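Please read them beside the sequence and the coordinates.

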Amino acid sequence: MFYFLQFICLLAIFLVPHSQAVISDNHDANMTLAGYYCKNHSEIRTINIIYSDKPQGLPCQVTFQKNSTEVMQLLEAKRNVEACKNKAVRMASRLRDRGWQCQSSGI
């Protein structure tokens, strides 16, 4: 399941590379994406919160990607959805403190 979610994140990034934020509501995949799209000159960072709609799945995960490199998992919350939102907000704040322009969607 996790690799499928990584694939969906990558697909969303490649299909919408210049959007202000990456968000998708895909009920067929039983998940929702929210997050931040951050840019500093030609560098791009994407922070995604992946919410599961499946009762047996994890409530959420937070992933991070630099440009078009491999997606890294920052957090996998088993009970608390707010933990994912807080992690994404903190990560975007750190980037902003370093001069990045970050825009959010779905948060």
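Predicted model: local features only at pLDDT ≥ 70, side-chain atom pairs only at ≥ 80, totals over all residues.

What is the handedness of the disulfide of Cys-38 and Cys-102, and why?

Residues are numbered from 1 along each chain as its sequence is written, and side-chain values use heavy atoms, with hydrogens and water left out.

1. The torsion about the S-S bond of Cys-38 and Cys-102 is about 115°, so this disulfide is right-handed.

2. Cys-38 belongs to strand β2 and Cys-102 to strand β6 (residues 101–105), so the bond ties together parts that are 64 residues apart in sequence. (Helices, H or I of at least four residues, and strands, E of at least two, are DSSP runs numbered from the N terminus.) Cys-38 is buried, with a relative accessible area of 0%, and Cys-102 is buried as well, at 11%; buried here means under 20% relative accessible area, exposed over 50%, and partly exposed in between, with a 1.4 Å probe and protein chains only.

3. A search of the whole structure finds two disulfides, and the other joins Cys-60 to Cys-84 with an S to S distance of 2.0 Å. With 90° about its S-S bond, the link of Cys-60 and Cys-84 is right-handed. This pair connects distant parts of the chain, Cys-60 in strand β4 and Cys-84 in helix α2, 24 residues apart. Cys-60 counts as buried at 1% relative accessibility, and Cys-84 is buried at 0%.

4. When the bonded cysteines of the protein chain are numbered in sequence order, the pairing reads 1-4, 2-3.

5. The largest nonpolar core has 17 residues, and those with the most contacts inside it are Tyr-36, Ile-47, Ile-49 and Leu-95. Such a core is a set of buried Ala, Val, Leu, Ile, Met, Phe, Trp, Tyr and Cys residues joined through side-chain atoms within 4.5 Å. At least two residues of this core come from each of β2 (31–40), β3 (43–52), β4 (60–66) and α2 (81–97), with α2 giving the largest share, five residues.

6. Leaving aside residues up to four places away in sequence, Ile-49 touches, among others, Cys-60, Val-62, Cys-84, Ala-88 and Ile-107, where contact means heavy atoms within 4.5 Å.

Conventions
Disulfide = S-S within 2.5 Å.
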